[in-house]
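Hi,

Here is the structure I said I would pass on. Could you open it alongside this email and follow the residues as you read?

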Amino acid sequence: MKGKLVVSLLALLTCFGGVAHAQDNSKVDIFAGYSYLRFNPSTAGVSSFSTNGGSASISYNATHWLSGVADFGAYHSGNILNSGADGTLSTYLFGPRVSYRHYERITPFAQVLFGVAHASASIAGASASDNAFAMSVGGGVDVGISRHLAVRPVQLDYLLTRFNEGANGAQSQNNLRVSTGVVFRF
């Protein structure tokens with residue numbers, strides 16, 4: 001009789017322990033932070049250039065390890081390559097994220113996102129804009145500070161865009177994005 005009681009209590013504690021552990025994981029994470037983007041045109045003779053800006057994302061944690069992510073970013077550079085051109089790139093990306101929530105405070109993740117990029121530029125009063133396919137592959141790590149707050153010391157992404165580059169038509173731009181910021185967990 002004691003054995004059945006002990007086994008029943010252990011089974012009950014295991015069930016409640018799983019529920020309590022599941023409640024420790026947030027359902028929604030909201031990230032906001034600074035982003036550096038190294039834009040790399042494909043046209044020969046045109047150098048890469050740096051842009052600065054911000055990015056934000058919201059992720060819905062469907063399971064302990066799988067999330068759906070919506071990521072938005074805006075990056076700006078004035079006087080691009082000393083040409084007098086002023087440019088802004090905006091990204092709107094969506095896709096899955098896989099997180100490894102094995103550690104108490106540290107959560108590494110990887111993601112693949114797809115969407116649209118919008119570029120606008122102006123020089124000497126004339127302006128132009130273009131939309132293109134965009135995709136990012138990357139990951140990062142979140143470090144928990146409290147139940148509802150974490151710091152993302154680094155997120156590193158390969159950002160592919162397919163903008164038209166003059167007479168060359170649509171070309172692949174292989175860009176690098178590095179982000180850091182805070183994560184609010186709900």
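This is a predicted model: local features need pLDDT of at least 70, side-chain atom pairs count only at pLDDT 80 or more; totals for chains, interfaces and linings use all residues.

**The chain as a whole**

The protein chain has 1 helix and 8 strands. Along the sequence they run α-β-β-β-β-β-β-β-β, so the helix comes before the strands, given that elements are numbered from the N terminus. Of the 186 residues, 33% are buried. If you take contacts with a separation of 6 or more, 54% of them are between residues 24 or more positions apart. The accessible surface is about 10,200 Å², and carbon and sulfur atoms account for 68% of that.

**Aromatic rings**

There are 4 aromatic pairs in the structure. One of them is F72 with Y92, which is edge-to-face, with 6.3 Å between the centres and 65 degrees between the planes. This pair links distant parts of the chain: F72 is in strand β3 (residues 66-77) and Y92 is in strand β4 (residues 86-99), 20 residues apart. F72 has 35% relative accessibility, so it counts as partly exposed. Y92 is partly exposed as well, at 37%.

Another edge-to-face pair is Y100 with Y103, at 5.7 Å centre to centre and 70 degrees between the planes. Y100 is partly exposed, with a relative accessible area of 44%, and Y103 is also partly exposed, at 47%.

Ring pairs also join F72, Y92 and F94 into a cluster.

**Charges over rings**

R97 has its charged end over the ring of F109, 4.3 Å from the ring centre. The charged end of R152 sits over the ring of F31, and here the distance to the centre is 4.4 Å.

**N175**

Is N175 buried or exposed? At 3% relative accessibility it counts as buried, because the cut-off for buried is under 20%. N175 is in strand β8 (residues 173-185). A polar atom of the N175 side chain lies 3.3 Å from the backbone oxygen of Q173.

What does N175 contact, leaving aside its neighbours within four places in sequence? The list is L37, R38, F39, N40, D157, Y158, L159 and T161.

Cheers

Conventions. Residues are numbered from 1 along each chain as its sequence is written. Side-chain values use heavy atoms; hydrogens and water are left out. Rings of Phe, Tyr and Trp (its six-membered ring) pair if their centres lie within 6.5 Å; planes under 30 degrees apart count as stacked, over 60 as edge-to-face and the rest as tilted. Helices (H or I, at least four residues) and strands (E, at least two) are DSSP runs, numbered from the N terminus. Buried means under 20% relative accessible area, exposed over 50%, partly exposed in between (1.4 Å probe, protein chains only). A charge sits over a ring if NZ of Lys or CZ of Arg is within 6 Å of the ring centre and within 35 degrees of the ring normal. A polar contact is a pair of N or O atoms within 3.5 Å; within protein, one must be able to donate a hydrogen and the other to accept it, and residues adjacent in sequence count only if both atoms are side-chain atoms. Contact means heavy atoms within 4.5 Å. Accessible areas come from the Shrake-Rupley method with a 1.4 Å probe; for residues, only the protein chains shown count as cover.
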